[in-house]
Every structure is written in structure tokens, then in C-alpha cells.
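Colleague: I am new to this structure and would like to go through it by question and answer. Please show it before we start.

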Amino acid sequence: MKNNKEQTTMRWWGGLRTIGGNIVSLEYQDSRLIFDFGFIPHPNSEILGEKVKTRTSRFVHDYVSLEVAPAIDGIYEEEDVEQLQDLQSVQEDGKKTAVLVSHLHLDHIGSMGMLSPQIPIFLTEDSFRLYQALEVIGEGVRGYQPNLQACTYEESFQVGSFIVTPIQVDHDIPGACGFHIETPDGNLFYMGDFRMHGNHPERVEAAIQPVKERGVDIFMMEGTTLSDLEQKRRPLVPDPCIPDRMKTEADVPMKMRDILEEFEGIGIFNMYHRNVERLESILALNGEMDRTIVLEPETAYIADKLIDATDFSIYLSSETKEESMNNKMSKWKEELLQKYNTIDATIINQHPRKYFLQNSYENVLELLDLQVKDGVYLHSNAPPLGNYDPSYQH
Ligand SMILES: [Zn+2]
């Protein structure tokens, strides 16, 4: 019989009662695995709202103190945690540690930049490519340059005493996977986020077999929408059918096209550009409608790097024009604007009916430059995401 120290231990640092922010650590002797590494939704995180300045020099210290980032030994730099009692830095700890990231949504990667650059972070090759693009357009995580290591679906790798195998699933972001983990005391599968109403439900079905072959003692799945069932104490009945009124990912572009046909003015859409497949399907509408698709430069960069579609124009906002005049434009943007056709508000306003323009919420004031009479605004699962965010009502 093993004593506790010789057994694999599992500990939850976040995500048991919150939407997202699930962080789990597994330890066996000198080996440690952690998955995923987003911000933990904690009442303290409200302190970090718009009215309080976050301190760059004390970033890790402050977030760990507020319990928005987990107080796990051996993952932070000495200088960041020296004032946090009982927390060992990576330099003091000496264990073999790695972090696994199932996909690049912020509730899974938000705290990644706090990790010591000594800690390897494994993510799939598709996620790695997307992260590189996000970094260029200024959407990388805050903090240290994360020590990213690309891994391949169904190719196992070892972290100390653990054997890890990424298994592809389908989610609204490229590169999403679950992780099968073999420990000295049993196997577990962490599913990551997934959906059955996407373009690849077969990936989720196909994930079952390799996981089964490797064996599972513990299965972990995020259950954001299960709380309702739990409260009503209704049984969880497996049913692979998509409910009648539910739209699938494949329905979205056609629905957009149908709505656009009903309007005589400009079409505007707001989407989350990490949803690269949706971006791709919107761009594929080009042949289906008599409107030019115009993207913000950041989204255009993602399309240019990750999608085989070049049939779009780039919106030249007054801010971008000013950057150009003051020689403050980043190199990636400069190159992109040379490569693609650019369109500004003056051109759009001559024939608003001819355009389908992307507008992120943070750039909503751009709409003041546009003729929006008889137009339509399509909010397609973009920030602000839902009623819980006060901006949603705006
Ligand atoms: Zn997600």
C-alpha cells in the first residue's frame, strides 16, 4: 500500500463553481502537470475593473494575492513571488512541471504570461499558429513571453512520470483538444471545451475511440450549461440530437445572407476573430451576395495568415489614417494595407448598400462616421458576449 506521498494527487484551483477558469494540478513525486491556465473568476477580480490601475511590476504578485491566479508552487519566478509566504518559486521548487492548454480562449490561457518562462506550455500546432498571429496583432497574453511547445494530435509526450496525449475535439476556435493523461495511479481524460453543433461533430465522436483504447478512470468535462439541470435536479440524459430551434455553425453564414438581403443600407457585423472558421464562412459569402466584405486590419491579418481567402478589403479608420500620418503604424499593418484594397468611411457612405463591414465593439465609435440609415448590425457571438456584461445593453 502506498502512502499519500507516493500517490498521484489531483487538486482543483478554480472552475468548480464558476464559468471557466478551471485549473487542475496533478502531482506525482517530482512531476507536476497543470491544465488549463485562464483567469479564475473570483469576486476579487472585480477590483481589477476599469477604475483600478494594474501594476506591471507587481502583476504576478497582485493576481496571486487576489486569488485570480493560482498559488501553485514551482511555476512563478523568484522575483515575482518572493513576498508571498509559503509559495515556492520555480527556482526553489525543482520539480518537473508543464502546463497544458486545451485551446486559446481567455478563460483557458489568461494567466499564461504570469508563468516563469522556464515552464513549458504545451498546446496543439493549430493553437500555436493562431497564438503567433494573435501576438502580432497585440492580443498575446500580458506578462512573460510564454514558453510555448507545439504538440501533435494523438502523439504522446512525457512530462516526468506522466504521459500526455492531445486528442482533437471541435470547438469554436482552431486547435481545440482534450488531453489524455496517464499517471502512475490511473488514467484521466480532460476533455477541454467542445461542441456538437459545429462543422466537425465527427471529431468529438472520433475522440472517444483513442481515449477508450488508452483507458480512462476519471473523465473531466466543463459543464457551463449544466448548472440549470443541476438546480432543477433533472437527470442528465445523453442525446446527440441538435434541438430543432438551435442554429449550427453551418447555418450562420446563410442566415446572415438572408438577413442582409432584407436591408437597403450597410451591413455591419461584430464577431470574435478567434473563431477562424466563422470568419472563413463569412468570407465565403462573397460569391453569394453583392456586398464587399470589409475587415478591420487585425481580423484581416488573421484571415491573411490562417485562411486561404483573400477576397476582402480592409477598413481604413480615421485612427489608422492618423497612425500612418504620424509614422506610428506597426510593420504588420503597413504590409497588410499595401497588400489589400483599403476602404474608408467616405467611400462606404457613397453606396452603403454595397458593403458588409466588420466592427468590433471596442471600435464602435467608428459607426459615427458611417451612414447607417436602413442598415443592419449583426452581433455574431462577439464581445460583449452576453447579458452578464453591462456593455451588452449598449
Ligand atoms: Zn472555450
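Colleague: Is Asn381 buried, partly exposed or exposed?
Modeller: This is a predicted model, so every value here is computed from it. Asn381 sits in the segment after E17. Its relative accessible area is 38%, and buried would need under 20% while exposed would need over 50%. Asn381 is therefore partly exposed.

Colleague: What is phi of Asn381?
Modeller: Most residues other than glycine have a negative phi. Asn381 is a residue other than glycine, yet its phi is positive, near 55 degrees.

Colleague: What is the relative accessible area of Asp374, which also has a positive phi without being a glycine?
Modeller: Asp374 belongs to the loop between strand E16 (355-358) and E17. Its phi is about 65 degrees. Asp374 counts as partly exposed, at a relative accessible area of 47%.

Colleague: Which residue does a cis peptide bond join to Pro383?
Modeller: Most peptide bonds are trans. Here omega is about -5 degrees, and the bond is cis.

Colleague: What is omega of the cis peptide bond between Phe35 and Asp36?
Modeller: Asp36 is placed in the loop between strand E3 (31-35) and helix H1 (59-65). The cis bond joining Phe35 to Asp36 has an omega of about -25 degrees.

Colleague: Which residues are the protein donors of the zinc ion?
Modeller: The donors lie 2.2 to 2.4 Å from the ion. In sequence they follow the spacing H-x1-H-x65-H-x21-D. They are His103 (NE2), His105 (ND1), His171 (NE2) and Asp193 (OD).

Colleague: Why is the arrangement around the zinc ion called irregular?
Modeller: A tetrahedral site with four donors needs all angles between 85 and 135 degrees. The 4 donor atoms subtend angles that reach beyond that range, so the arrangement is irregular, with angles of 89 to 171 degrees.

Colleague: How many residues apart in sequence are the parts that His105 and His171 tie together?
Modeller: His105 is in the loop between strand E4 (96-100) and helix H4 (106-109), and His171 is in the loop between strand E8 (162-168) and strand E9 (177-183). His105 is buried at 10% relative accessible area, and His171 is buried at 12%. The parts that this pair ties together are 66 residues apart in sequence.

Colleague: What separates the C-alpha atoms of Ser111 and Phe37?
Modeller: Ser111 is in the loop between H4 and strand E5 (121-124). Ser111 counts as buried, at 0% relative accessibility. Ser111 and Phe37 are 74 residues apart along the chain, and their C-alpha atoms are separated by 5.7 Å.

Colleague: How far from Cys177 is the nearest cysteine sulfur?
Modeller: The search of the whole structure finds 0 disulfides, and Cys177 is in none. Cys177 is buried, with a relative accessible area of 1%. The nearest cysteine sulfur belongs to Cys151, at 6.0 Å.

Colleague: How many of the residues of helix H9 are buried?
Modeller: Helix H9 covers residues 276-283. Among its buried residues are Val276, Leu279 and Ile282. H9 is largely enclosed by the rest of the structure, because the buried residues number 6 of the 8.

Colleague: What is the volume of the second largest pocket?
Modeller: Its lining divides into 7 nonpolar, 6 polar and 3 charged residues. The volume of the second largest pocket is about 430 Å³.

Technical notes. Residues numbered from 1 in each chain as written. Predicted model: local features only at pLDDT ≥ 70, side-chain atom pairs only at ≥ 80, totals over all residues. Heavy atoms only, no water. Donors = N, O, S within 2.8 Å, 3.2 Å for Na, K, Ca; no water. Tetrahedral: all angles 85-135°; square planar, octahedral: opposite > 155°, others 65-115°. Helix = DSSP H or I, 4+ residues; strand = E, 2+ residues; numbered from the N terminus. Buried < 20%, exposed > 50% of the residue type's maximum accessible area, 1.4 Å probe, protein only. Disulfide = S-S within 2.5 Å. 1 Å grid on protein atoms, 1.4 Å probe; cavity = no way out; pocket = protein on both sides within 12 Å on 5 of 7 lines; lining within 4 Å. Points joined across faces, edges and corners; volume = space filled by probe spheres on them. Nonpolar A, V, L, I, M, F, W, Y, C, P; charged D, E, K, R; others polar.
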